[in-house]
Amino acid sequence: MEGCRLLAVELTSSNTRPVVKEFQSVELSCIIKSTVTPDPRIEWKKIRDGETSYVFFDNKMQGDFATRAEILSRTSLVIKNTTRMDTATYRCEVAAPSDTKTIDEINIQLTVQVKPMTPRCSVPKAVPVGKSASLHCHENEGFPKSTYSWYRNSEPLPADSKSSTKSHNSSYTLNPATGTLVFHAVHKGDTGRYYCIATNEAGFAKCEEQEMEVYDLNIGGIIGGVLVVLAVLVLITLGICCAYRRGYFANGKESGESYKTPAKPDGVNYIRTDDEVTTNDLHLPSLSGEEEGGQRTRRS
């Protein structure tokens, strides 16, 4: 059994899960533990998001690895100037035709840690006493995901507001995973300059300080203003009612005198037109013969 085992190519590694910070170099260890083939064939492949591509094939580096990777100690792979895109599974494959077991392989899981970028922070400028306030901090470039901490006037805010004598009067909730800081009811002591720091294994980054002011809500002034407005509305209403009563808003047709036909002075006879004669005759009762004769006499 021992002789059979020695005839099989076998691989091992000093570290199957290396971790490196972005832009640094890393060695992916692949060691031939046993083989009788004097010159075995070495290949490296990269597996990312379900896709497989060659890194080292036919004794040559492939793709962008040609300028920043090399083979070390016959089989190990060294990657220089690593980037976040290098995070993947790398497979070392060795073919040994002279061995009973001619092929062996080993997988190396590489993680490239990326420093957080400057987080985006949102801080309300002014909040009245007793109201709630939400502060937000987030960045999505760091890997692994960042955790967040908040500072007020350069002093860190503890996750538990009651755990510090400087913040025991404050009532807030801090979520380090999301970067959200919520004050349930602010008071004057919460006034200050706030900033947030995003941190992961690769480093940290902070946003610019932003001022949050907590001000007293002037209840007396608000009530006084409402009363003034109500008083003005009452005066306007009374003025309109008085104006109506005095006739300032009466219709011109109603207040003006209606046109009437001038009265006929005594002793003056008017000559009526044919239209007037016709119209009046339609409405006046018929005259007796005696009255009609009298009118004719007066006309003569």
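Q: How many disulfides does a search of the whole structure find?
A: This is a predicted model, in which local features need pLDDT of at least 70, side-chain atom pairs count only at pLDDT 80 or more, and totals for chains, interfaces and linings use all residues. Residues are numbered from 1 along each chain as its sequence is written, and side-chain values use heavy atoms, without hydrogens and water. A disulfide is taken as a pair of cysteine sulfur atoms within 2.5 Å. On that criterion, the search of the whole structure gives three.

Q: Which cysteine is joined to Cys30, and how many residues apart are the two?
A: The S to S distance in the link of Cys30 and Cys92 is 2.0 Å, and the link is left-handed, with -70° about the S-S bond. Cys30 sits in the loop between strand 3 and strand 4, and Cys92 in strand 10; strands here are DSSP runs (E, at least two residues), numbered from the N terminus. The partner is Cys92, and the separation is 62 residues.

Q: Is Cys121 buried or exposed?
A: Cys121 forms a disulfide with Cys207. Buried means under 20% relative accessible area, exposed over 50%, and partly exposed in between (1.4 Å probe, protein chains only). Cys121 has 17% relative accessibility, so Cys121 counts as buried.

Q: What pattern do the disulfides of the protein chain follow?
A: Besides the links of Cys30 to Cys92 and Cys121 to Cys207, Cys137 and Cys196 form a disulfide. With bonded cysteines counted along the chain, the pattern is 1-2, 3-6, 4-5.

Q: Why is there no bond between the sulfurs of Cys241 and Cys242?
A: Cys241 is in no disulfide, and its nearest cysteine sulfur is that of Cys242. The two sulfurs are too far apart for a bond because the distance is 6.9 Å.

Q: Which residues have the most contacts inside the largest nonpolar core?
A: A nonpolar core is a set of buried Ala, Val, Leu, Ile, Met, Phe, Trp, Tyr and Cys residues joined through side-chain atoms within 4.5 Å. The largest has 25 residues, and elements giving two or more residues to this core include strand 5 (41-48) and strand 11 (103-113). Those with the most contacts inside the core are Leu28, Trp44, Leu77, Ile79, Tyr90 and Leu110.

Q: Which residues does Lys33 touch, not counting residues up to four places away in sequence?
A: Lys33 lies in strand 4 (residues 31-34) and is exposed, with a relative accessible area of 56%. Contact means heavy atoms within 4.5 Å. With residues up to four places away in sequence left out, Lys33 touches Glu10, Leu11 and Thr12.

Notes
Helix = DSSP H or I, 4+ residues; strand = E, 2+ residues; numbered from the N terminus.
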